[in-house]
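Here is a short report for a first look. Please keep the sequence and the model in view while reading.

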Amino acid sequence: MLKQRIITALLLLAVLLPAVFYPVPEVFALVALILIGAAAWEWARMNQCGQASSLVAGGVCVFMCAASWLGGGLYAPLKILWIFAGSAWVVLGAWLLYRGVAVWTHVPRVVRLVGGIFALWVAWIAVVQARIMGINFLFSVLVLVWVADIFAYFAGRALGGRFFTRKLAPTISPGKTWEGAIGGMAGVVACAFLWRYLDSAYAVDVASLYTRLGDNHITFMVLASLFLATMSVVGDLVESLFKRSAGVKDSSGLLPGHGGVLDRVDALLPILPLAMMLGTL
């Protein structure tokens, strides 16, 4: 299993890294479009759609993204979209986690499908616009999620259960602890200060998310980083809720050893529009 995970990760990096660093962002947009279409296919399958219907759902998502691309949406200011999508993630994410797994089965399937495709479409536009803004900005958003996840894992293993007797979301993801979540937040704040310092020390041409947040006020950077770290956890937990409701362990087997595309981008779905909203104030 470990060997399989390593091989899949190396293959993904071999595709994604050249696309990210290619001089024009359209190459990255195309690679991201393929991945988001696969995620839409997974989403439909998780919502009890057949193979043909799932392919149609993936095609619809790809069409929406391509139409936005051809319509010039990748270079247009979309602050209203970021505010709407980010607010929806905050409100609906909190509602879902409060109500638990059972509530999801009572949401009409068409609403689930449309909502998921919309979230994936927004995430695709956001990640491509982040790349257009600059590689430093894009990586600062992506690394936020990775740092939150890594610090949460190690903090949870080292301190889980020592300060909080109750798990973070026992009915959704029994392994997650409050200590882990707090550790993830602390890691993101530390990352923000370090990245902002490196931006200044190396006089980068493109500011990172953290430098942009700190330009408003350093307190704003800290609060925004904590908020984004929290929403990273929300994205992860919400996808776990969806999978538990569907009775599946992984969103698919497209990425051997890693599950599916949704399993790899779940925390990014709320972070991308929120980072674009906060980073373009």
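## Charges and surface

How many positive and negative side chains does the chain have, and how far apart do the centres of the two sets lie? There are 19 positive side chains and 12 negative ones. The centres of the two sets lie 9 Å apart. Keep in mind that this is a predicted model.

The accessible surface of the chain is about 13,900 Å². Carbon and sulfur atoms account for 71% of that surface.

## Overall fold

The chain has twelve helices and zero strands. Its pattern along the sequence is α-α-α-α-α-α-α-α-α-α-α-α. The radius of gyration is 18 Å, close to the 19 Å that the globule rule gives for 281 residues, so the chain is as compact as a globular protein of that length. Along the principal axes, the C-alpha atoms fill a box of roughly 55 × 55 × 40 Å.

Burial comes next. Of the 281 residues, 49% count as buried. Contacts also reach along the sequence. Take those between residues at least 6 apart in sequence: 75% of them join residues at least 24 apart.

## Cysteines

How many disulfides does the chain have? The count comes to zero. C61 is in no disulfide, and the nearest cysteine sulfur, that of C65, is 4.4 Å away. In general, a disulfide is a covalent bond between the sulfur atoms of two cysteines.

Is C61 buried or exposed? C61 counts as buried, because its relative accessibility is 0% and the cut-off for buried is under 20%. C191 is also buried, with a relative accessible area of 12%.

## A residue inside a helix

I125 lies in helix α6, which covers residues 109-133. Its relative accessible area is 2%, so I125 is buried.

Which residues does I125 touch, leaving aside those up to four places away in sequence? They are S68, L78, L81 and W82. W69 is 56 residues from I125 in sequence, yet their C-alpha atoms are 8.4 Å apart in space.

## A residue in a loop

Where does G253 lie? G253 is in the loop between α10 (218-246) and α11 (261-265). With a relative accessible area of 63%, G253 is exposed.

G253 and E42 are 211 residues apart in sequence. From C-alpha to C-alpha, G253 and E42 are 9.5 Å apart in space.

Terms used:
Residues are numbered from 1 along each chain as its sequence is written. This is a predicted model: local features need pLDDT of at least 70, side-chain atom pairs count only at pLDDT 80 or more; totals for chains, interfaces and linings use all residues. Side-chain values use heavy atoms; hydrogens and water are left out. Helices (H or I, at least four residues) and strands (E, at least two) are DSSP runs, numbered from the N terminus. The radius of gyration is taken over C-alpha atoms; the globule rule is 2.2 Å times the number of residues to the power 0.38. Buried means under 20% relative accessible area, exposed over 50%, partly exposed in between (1.4 Å probe, protein chains only). Contact means heavy atoms within 4.5 Å. Accessible areas come from the Shrake-Rupley method with a 1.4 Å probe; for residues, only the protein chains shown count as cover. Lys and Arg count as positive and Asp and Glu as negative; His and the chain ends are not counted. The place of a charge is taken as NZ of Lys, CZ of Arg, CG of Asp or CD of Glu. A disulfide is a pair of cysteine sulfur atoms within 2.5 Å.
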